[in-house]
Amino acid sequence: MEKTFNLTRRDDGIAILTMDVPGETMNTLKAQFGPEISEILAEIKSDSSIRGLVLISGKKDSFVAGADISMLDACKTAGDAKALSQQGHVVFNELEALTIPVVAAIHGACLGGGLELALACHQRVCSDDGKTMLGVPEVQLGLLPGGGGTQRLPRLVGITTALDMMLTGKQIRPKQALKMGLVNDVVPQTILLQTAVEMALAGKRAPKPVKKSLVNQVLEGTSLGRNIIFDQATKQVEKKTQGNYPAPAKIIDCVRQGIAKGMQKGLEVEASHFAELVVSKESEALRSIFFATTEMKKETGAEGASPRKVKKAVILGGGLMGGGIASVTTTKAKIPVRVKDISEKGLSNALAYAYKLLDKGVKRRHMTPAARDNLMALMTTTTEYKGVKDADIVVEAVFEDLALKHQMVKDIERECGEHTIFASNTSSLPISQIAEAATRPENVIGLHYFSPVEKMPLVEVIAHAKTSPETIATTVAFARKQGKTPIVVQDGAGFYVNRILALYMNEAAQLLLEGQSVEHLDKALVKFGFPVGPITLLDEVGIDVGAKISPILEKELGERFKAPAAFDKLLSDDRKGRKNGKGFYQYGASSKKAKAVDESVYGVLGIKPGTNKDAKAVAERCVVQMLNEAVRCLEDGIIASPRDGDIGAIFGIGFPPFLGGPFHYIDTLGAANLVRILEGYQSQFGNRFEPCERLKTMAQENAHFF
């Protein structure tokens, strides 16, 4: 069997230990490496000619990307998971206990278990390459660093910095890593190994004391001060997670106990907490999302079809969406873009939008002004169809009007090549209707982005009956290059995400009209796990946008999509939400950071807020509507699988990730239970709650999606 770790000796007494997992593009740590590493460490100990050790990766672009997550699924019990963590502790402790200096030479991703491995070395040097990133992202999978990270990191970089890294999972760039004391040196990749060897030859050095801010020095220096840090961190975590995620509190506890009672005790607590988290339903749900997105990256979206290369894109419309799409195409995908708009003002808006986003990078020193300008140079503008002939894909982001979109299709077919894809960013019009104007309907597809484009990870790729597989594959690949997670959905009003969102929003509106206050509604759904409440969301998206989509959905999908009539009153009072500073909440200079409700909205709707119902009951009524409709979309063939439905809801509307998505959540609830809840509401509020056929069948057969 091929080895993962290879030891070579140099004439100067420094040994190089190269990690290179056979047959994998990235190094990940696996449980079965334990014995192999222990054997090598024993060999090093017994060889008195070895004066120092350098640990390096044999992979071109990564150090160690973390632990192999699939081995966590193999843990049947908490005991299995605890043994895994303890095995890591033994190996890393052995490495740290070597009497010769051990230096980690880091290039590329050094994350999770990879960073914990580097922390067990005596010194670290990393390359100044853009690919080099250090971090402990375990919290994003509902876990904590289980290889000694909760103990070694605070001792190296200080409690506050370590907690910030572990609780956010953020990735640290080389310069930042040096400043915070996470690495001892940063050098060009060409001299990385040489520098590491020199550091090993120079012998063990006491780490330089980390420069801490005065406040942190005072707080971290006494047990009273440390308690203030831990209590503050706990408060912030509770506010952010609403108690829905167990990992952050356990991370804080590991650090607290380790600092108070010593390393040995800290490692024991870490292994126990790690084990509990591995078998928690939250981590299981978060890991399922990770596996689903990893699996989706390997799919083209259309069986047997290969994507064509996109060398140039055209965006029609320089509004908020058009500007955002143009921006991710140049900055993320590095593809030249021509923006076309009827007015110069639209074009300058699109350019300003892209510039502002890039300039943030310059201000944070993640990018040089020259790099910003080079990316900006990829974007050109025109008010006429000039310089569009060689476009491989055209993304249309104009006003939601069918006649206008038909005109665009004709213009593009006239001005561009026969293979040019016409992708429409419509949020509600069926793509087949847009394609009716096309002589080449096989090139027409939907590409639905969510606002704000640079932040929202999902796009829906919408195929109509005549879209060619090659068009689908090319569009999916294009979206991925923009840094998006695409799901392929079939054509139909509202597609998938807006369709399940519409019923959820309508139900929140019904509850509002029944006398629930705006704050209570929003709080109830944030507590349930959504990033923002439904009323806040309506203000953000625009009340006018909601009002436009509702009738289209009702016409195509029926009575259950009928929006409450009272909402017309908001528009006649010129309330559009954040965009015109008038909605359910107060906007403008006077509104504080915590937004206040504009109480006059109740008068406009002709309601008085009464007593608030139990928050759980309020959330349930909105959420079951979304769940029922998600299953209906699967039944109608709008989405291809429960997996795609889960990813779409989590990345498109922030469905609570710790629940794993609508379909995972239905499995947790049980179909029979959900049918019972829906039928209860149906008898109370009418047929909009009627459970769909597939759910009823599943309830009878006690079936599951996964």
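Helix H20 (residues 497-513) and helix H21 (residues 518-528) pack with their axes 10 Å apart and at an angle of about 140°, where axes are lines fitted to C-alpha atoms, for helices over the stretch in contact, and angles run from 0 to 180 degrees between N-to-C directions. Helices (H or I, at least four residues) and strands (E, at least two) are DSSP runs, numbered from the N terminus. H20 and H21 are therefore oblique to each other, given that angles under 35 degrees count as roughly parallel, over 145 as roughly antiparallel, 65 to 115 as roughly perpendicular and the rest as oblique. H20 passes H21 in a right-handed crossing; a crossing is left-handed if the near helix is turned anticlockwise from the far one by less than a right angle, and right-handed if clockwise. On the H20 side the contact (heavy atoms within 4.5 Å) is made by Tyr504, Ala508, Leu511 and Leu512, and on the H21 side by Val518, Leu521 and Leu525. By class, this contact of H20 with H21 has 7 nonpolar, no polar and no charged residues, where Ala, Val, Leu, Ile, Met, Phe, Trp, Tyr, Cys and Pro count as nonpolar, Asp, Glu, Lys and Arg as charged, and the others, Gly among them, as polar.

The model is predicted, so local features need pLDDT of at least 70 and side-chain atom pairs count only at pLDDT 80 or more, whereas totals for chains, interfaces and linings use all residues. Residues are numbered from 1 along each chain as its sequence is written, and side-chain values use heavy atoms, with hydrogens and water left out.

H20 also meets helix H27 (residues 642-653), and here the axes come within 10 Å and cross at roughly 70°. H20 and H27 are therefore roughly perpendicular to each other, and their crossing is right-handed. Val497, Ile500 and Leu501 of H20 make this contact with Gly648, Ala649, Gly652 and Ile653 of H27, which by class gives 5 nonpolar, 2 polar and no charged residues.

Returning to H21, its buried residues (under 20% relative accessible area, with exposed over 50% and partly exposed in between, for a 1.4 Å probe and protein chains only) are Val518, His520, Leu521, Asp522, Ala524, Leu525 and Phe528. What covers these buried residues of H21 includes H20, helix H22 (534-541), helix H25 (600-605), helix H26 (615-635) and helix H28 (662-669). After H21 comes Gly529, whose phi is positive, near 130°.

The strands can be followed next. An open sheet of 8 strands has the order S12-S11-S10-S13-S14-S15-S16-S17, with mixed pairing; two strands pair if DSSP finds at least two bridges between them. Strand S12 (379-382) and S17 stand at the edges, each with a single partner strand, so one side of each is left without a neighbour in the sheet. From one strand to the next, the twist averages 25°.

Within this sheet order, strand S10 (residues 313-316) and strand S11 (residues 337-340) run parallel and are joined by 4 bridges, and the bridge partner of Ile315 in S11 is Val339. Helix H17 (residues 402-415) lies across S10, strand S13 (393-396) and strand S14 (421-424), running at about 160° to S14.

Strand S16 (residues 458-463) has 6 of its 6 residues buried, so it is largely enclosed by the rest of the structure. Both of its faces are covered, with Leu458, Glu460 and Ile462 buried on one side and Val459, Val461 and Ala463 buried on the other. Strand S15 (residues 444-449) runs antiparallel to S16 and is joined to it by 4 bridges, with Leu447 standing opposite Val461 in S16. S16 and strand S17 (residues 485-490), by contrast, pair in the parallel sense over 6 bridges, and Glu460 has Ile487 as its bridge partner in S17.

A second open sheet to consider has 3 strands in the order S4-S6-S8, with parallel pairing. Its edge strands are strand S4 (62-64) and strand S8 (133-135), each of which pairs on one side only, and the twist averages 10° from one strand to the next. S4 and strand S6 (residues 109-111) run parallel and are joined by 2 bridges, and Val64 stands opposite Cys110 in S6.

Finally, Ser288 lies in helix H13 (residues 281-296) and is buried, with a relative accessible area of 18%. Ser288 and Gly660 are 372 residues apart in sequence and 6.9 Å apart in space, C-alpha to C-alpha.
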